[in-house]
Amino acid sequence: MKITRIRCYRVDLPLHEGSYKWSGGKSVTTFDSTVVAIDTDAGVTGFGEVCPLGPFYLPAYANGVRAGIAELGPHLIGEDPCQLGKLNRTMDAALKGHAYVKSGIDMACWDILGKVTGQPVCTLLGGRYGDNFHLYRAISQEAPEAMASRVGEYRAQGYRRFQLKVGGDPGEDIARIRAVAAKLQTGDRLIADANTGWLMHDAMRVVRAVRDIDVYIEQPCLSYEECLSIRRHCDHPFVLDEVIDSIDMILRGHSDRAMDVVNLKISKLGGLTKTKQARDLCVSLGIAMTLEDSWGGDIVTAAIAHLAHSTPPEFLFTATDFNSYVTVSIADGAPRRVNGRMAASKEPGLGVTPRMNELGRALIDVA
Ligand code: MG
């Protein structure tokens with residue numbers, strides 16, 4: 001089988017809550033997402049999606065996805081989309097780095113592989129564990145009491161894992177963690193995600209001040225070394241996210257005992273092929289995972305569902321249902337949250353059919 005054409009579509013994804021705010025005053029009101037369609041000479045088309053969390057979160061931006069695919073696309077015409085290891089080697093040889101650019105292409109090729117073999121992607125990624133898996137809910141950064149008031153609302157939707165966006169003023173962040181912790185019930189889990197926002201002295205103040213609270217601390221500072229310093233000075237369970245962008249960083253973090261949990265984002269690592277490699281390594285090393293992406297709509301959410309559903313449950317710390325945060329549905333067949341949980345489609349491939357009328361005309365068309 002050969003790739004004959006690669007198209008990119010842009011779709012805007014507004015948020016139900018109007019905006020999403022995190023550390024350092026960063027916020028997004030409408031996400032700019034790219035849907036990738038890959039046609040083959042067998043008449044099978046696969047779909048992928050890449051959606052950066054704005055241009056100021058990871059080294060990724062929405063126009064960069066499309067520019068990168070315009071650059072990479074001609075190298076992939078004629079390649080076999082089902083030979084995913086080989087295809088990734090071809091992408092890495094043609095374009096150095098830019099993992100996020102490759103993510104939607106790789107995702108679309110997994111969709112093709114599933115359709116051709118008649119298997120859902122989660123089966124191809126290792127197998128389906130149980131009926132469904134649990135999700136977390138991010139609580140956008142607001143004043144402490146406003147964030148605390150969200151807990152009951154989200155618990156009513158079935159969520160039991162709450163990820164607070166902190167990484168602001170340390171005194172206010174301590175108040176945020178305390179206010180939300182006061183709302184928790186037995187079985188709930190709380191994660192304070194600073195998204196690189198604290199300097200080390202800020203982070204030290206916060207972790208000392210909330211020492212009596214059962215809370216995970218996620219990516220307190222910008223660099224790996226700063227996070228490692230905080231890790232060595234606190235006894236909370238510790239999550240690394242933004243700095244975990246490669247196999248090398250997982251091995252380094254494991255060697256230093258720098259974290260208990262890692263956050264693997266599909267586009268941060270460069271697609272499902274490389275995230276599967278990272279996921280499987282974490283299972284071998286005993287590291288639990290949050291499995292998600294930087295952001296996305298129905299297609300990214302479907303890919304997360306296949307990745308999460310094919311992960312041994314004790315290793316799946318949590319996963320994300322981005323398609324329930326946004327007001328626009330871009331595909332039929334996408335997984336939907338039910339009582340705080342989600343399941344991967346049992347249809348071949350990712351199990352999604354894009355709503356082409358939502359996507360408009362192709363901005364990039366390589367054939
Ligand atoms: Mg995070």
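**Note on the predicted model**

1. Eight strands make up an open sheet, ordered 7-8-9-10-11-12-13-14, with parallel pairing. Its edge strands are strand 7 (137–139) and strand 14 (316–319), each of which pairs on one side only. On average, neighbouring strands of this sheet are turned by 25° against each other, direction ignored. Here strands (E, at least two residues) and helices (H or I, at least four residues) are DSSP runs numbered from the N terminus, and two strands pair if DSSP finds at least two bridges between them. Axes are lines fitted to C-alpha atoms, for helices over the stretch in contact, and angles run from 0 to 180 degrees between N-to-C directions.

2. This is a predicted model, in which local features need pLDDT of at least 70 and side-chain atom pairs count only at pLDDT 80 or more, while totals for chains, interfaces and linings use all residues. Residues are numbered from 1 along each chain as its sequence is written, and side-chain values use heavy atoms, with hydrogens and water left out.

3. Within the sheet, strand 9 and strand 10 are joined in the parallel sense by three bridges. Ala192 has Ile217 of strand 10 as its bridge partner. Helix 5 (residues 144–156) lies across strand 7 and strand 8 (161–165), and runs at about 160° to strand 7; contact means heavy atoms within 4.5 Å.

4. Which residues supply the protein donors of the magnesium ion? They are Asp193 (OD), Glu218 (OE) and Asp241 (OD), at 2.1 to 2.3 Å from the ion. Donors are N, O and S atoms within 2.8 Å of the metal (3.2 Å for Na, K and Ca); water is not among the atoms, so sites may look incomplete. Along the chain, the donors of the magnesium ion follow the spacing D-x24-E-x22-D. Asp193 belongs to strand 9 (residues 189–193) and Glu218 to strand 10 (residues 216–218), so this pair ties together parts that are 25 residues apart in sequence. Both Asp193 and Glu218 are buried, where buried means under 20% relative accessible area, exposed over 50% and partly exposed in between (1.4 Å probe, protein chains only).

5. Strand 4 (residues 30–40) is mostly covered, with ten of its eleven residues buried. Strand 1 (residues 3–14) pairs with strand 4 in the antiparallel sense over eleven bridges, and Leu13 stands opposite Phe31 in strand 4. Strand 4 also runs antiparallel to strand 5 (residues 45–50), the two being joined by six bridges; here Val36 stands opposite Gly48. The hairpin of strand 4 and strand 5 has four residues between the strands, and Gly43 in this hairpin takes a positive phi near 80°.

6. Helix 12 (residues 298–309) is mostly covered: twelve of its twelve residues are buried. Among them are Asp298, His306 and His309.

7. How many disulfides does the structure hold? It holds zero, a disulfide being a pair of cysteine sulfur atoms within 2.5 Å. For Cys227, which is in no disulfide, the nearest cysteine sulfur is that of Cys221, 5.2 Å away. The sulfur of Cys282 is 16 Å from the closest cysteine sulfur, in Cys227, which is too far for a bond. Cys227 counts as buried because its relative accessibility is 0%, and Cys282 likewise counts as buried at 0%.
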